[in-house]
Amino acid sequence: MENFTFESGMEELENLVRALESGEMPLEESFQAFERGMALKKRLEKLLEEGDRRIRVLTENGEEPLEGEEA
């Protein structure tokens, strides 16, 4: 996962969800896809949290406040 990006992770997760929703996967393969999906979800959440942290650092350093936050 060297070239892992949020976009590539979301695409893979969406493909897994479609495959699972189709109901055509064998049971064991479905379990593996579900486990992979949960790992992707965790990694994507981590990327979002890191992005949020970076934005907050910028706003604390004199940038504009985030939408919905008081100045």
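In this predicted model, helices H1 and H2 pack against each other at an angle of about 150 degrees, and their axes lie 9 Å apart. Because angles over 145 degrees count as roughly antiparallel, this angle makes H1 roughly antiparallel to H2. The protein as a whole has 2 helices and 0 strands, and of its 71 residues 13% count as buried.

**How the two helices meet**

- The crossing in which H1 passes H2 is left-handed.
- On the side of H1, the residues that take part in the contact are Phe6, Gly9, Met10, Glu12, Leu13, Leu16 and Leu20, and the residues they meet in H2 are Ser30, Ala33, Phe34, Arg36, Gly37, Leu40, Leu44, Leu47 and Leu48.

**The largest nonpolar core**

- Six residues are named in the largest nonpolar core, which has 6 residues in total: Phe4, Leu13, Leu16, Ala33, Leu40 and Leu44.
- The elements that give two or more residues to this core are helix H1, which spans residues 6-22, and helix H2, which spans residues 27-60.
- Of the elements that contribute, H2 gives the most to this core, with 3 residues.

- Although phenylalanine 4 belongs to the largest nonpolar core, its place in the chain is the segment before H1.
- Phenylalanine 4 has a relative accessible area of 16%, and because buried means under 20%, phenylalanine 4 counts as buried.
- When residues up to four places away in sequence are not counted, phenylalanine 4 touches Gly9, Leu40, Arg43, Leu44 and Leu47.

**Serine 30, a buried residue in H2**

- Serine 30 lies in helix H2, where it is among the residues that meet H1.
- With a relative accessible area of 17%, serine 30 is buried.
- If its neighbours within four places in sequence are left aside, serine 30 is in contact with Leu20 and Met25, and of these two residues Leu20 is listed on the H1 side of the contact between the helices.

**Contacts across the chain**

- Among contacts in the protein that join residues at least 6 apart in sequence, 56% link residues that are at least 24 apart.

Technical notes: Residues are numbered from 1 along each chain as its sequence is written. This is a predicted model: local features need pLDDT of at least 70, side-chain atom pairs count only at pLDDT 80 or more; totals for chains, interfaces and linings use all residues. Side-chain values use heavy atoms; hydrogens and water are left out. A nonpolar core is a set of buried Ala, Val, Leu, Ile, Met, Phe, Trp, Tyr and Cys residues joined through side-chain atoms within 4.5 Å. Buried means under 20% relative accessible area, exposed over 50%, partly exposed in between (1.4 Å probe, protein chains only). Helices (H or I, at least four residues) and strands (E, at least two) are DSSP runs, numbered from the N terminus. Contact means heavy atoms within 4.5 Å. Axes are lines fitted to C-alpha atoms, for helices over the stretch in contact, and angles run from 0 to 180 degrees between N-to-C directions. Angles under 35 degrees count as roughly parallel, over 145 as roughly antiparallel, 65 to 115 as roughly perpendicular and the rest as oblique. A crossing is left-handed if the near helix is turned anticlockwise from the far one by less than a right angle, and right-handed if clockwise.
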